[in-house]
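Here is a set of questions and answers on one structure. Each answer works towards the value or name asked for.

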Amino acid sequence: LLNMIFHIKKFNELTTDELYVILQLRSEVFVIEQDCIYQDLDHKDQLAYHILGVLDNQIIAYARIFKSGDYFLEPSIGRIVVKKEFRKFKYGYKLVENSIQFIENNLKENNILISAQSYLTKFYNSLGFIQISEEYLEDDIPHIKMLRT
């Protein structure tokens with residue numbers, strides 16, 4: 001399995017090419033693949049740290065990380081996405097693990113709150129997250145809040 005390299009950048013450190021690829025990937029998965037029309041550009045990108053999973057000079061995995069108070073009261077990870085053809089290699093685990101490490105090591109926090117798509121509950125459970133809310137709809141997709149302590 002090829003080693004994915006992770007880069008974490010603030011919004012103003014992203015190149016225009018990186019930003020374009022990130023927005024394309026988010027739209028490819030969250031809008032087209034999941035057949036969900038929603039406003040992805042929410043003015044939160046400017047507050048976030050952006051974690052890019054790069055393989056062979058190509059961004060194939062991405063998430064955004066928020067400090068406490070910038071999205072939820074707790075630090076948070078969102079827009080967690082892996083390019084479809086690479087999911088079978090379990091890069092999603094590495095992406096979330098690296099995001100967690102960044103929050104623990106750089107933001108010096110241990111509690112992490114996410115709004116997870118319900119069908120991914122087992123995936124997030126395996127990474128230490130537990131369900132703390134009833135299911136709710138976000139952009140017509142069932143979600144639950146999950147906390148890692």
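**Helix, strands and turns**

Q: What sort of model is this?
A: Side-chain atom pairs count only at pLDDT 80 or more. Local features need pLDDT of at least 70. The model is predicted.

Q: How far apart are the end C-alpha atoms of helix α1, residues 16-33?
A: The helix has 18 residues. At 1.5 Å a residue, α1 should span 26 Å. The distance in the model agrees with that: 24 Å.

Q: On which residue is the kink in α1 centred?
A: The helix bends by about 30°.

Q: Is Leu-19 buried, partly exposed or exposed?
A: Leu-19 sits in helix α1. Beyond its neighbours within four places in sequence, Leu-19 contacts Phe-11 and Leu-14. Buried would need a relative accessible area under 20%. Leu-19 has 24%, so it is partly exposed.

Q: Which residues of β2 are buried on each side?
A: Side chains in a regular strand alternate between the two faces of the sheet. In β2, seven of seven residues are buried. One side holds Tyr-49, Ile-51, Gly-53 and Leu-55. The other holds His-50, Leu-52 and Val-54.

Q: What is the bridge partner of Ile-51 in β3?
A: β2 pairs antiparallel with β1 over six bridges, and there Ile-8 stands opposite Ile-51. β2 also runs antiparallel to β3, with seven bridges. In β3, the partner of Ile-51 is Ala-63.

Q: What is the phi of Asn-57?
A: Most residues other than glycine have a negative phi. Asn-57 lies in the loop between β2 and β3. Asn-57 is exposed, at 80% relative accessible area. Asn-57 is not a glycine, yet its phi is positive, about 60°.

Q: Which residue in the hairpin of β2 and β3 takes a positive phi near 55°?
A: This hairpin has two residues between its strands. The residue with that phi is Asp-56.

Q: What is the phi of Asp-140?
A: Asp-140 lies in the loop between β7 and β8. Its relative accessibility is 68%, so Asp-140 counts as exposed. Although Asp-140 is not a glycine, its phi is positive, about 65°.

Conventions
Residues are numbered from 1 along each chain as its sequence is written. Side-chain values use heavy atoms; hydrogens and water are left out. Helices (H or I, at least four residues) and strands (E, at least two) are DSSP runs, numbered from the N terminus. The expected span of a helix is 1.5 Å times one less than its number of residues. The bend at a residue is the angle between axes fitted to the seven residues ending there and the seven starting there. Buried means under 20% relative accessible area, exposed over 50%, partly exposed in between (1.4 Å probe, protein chains only). Contact means heavy atoms within 4.5 Å. Two strands pair if DSSP finds at least two bridges between them.
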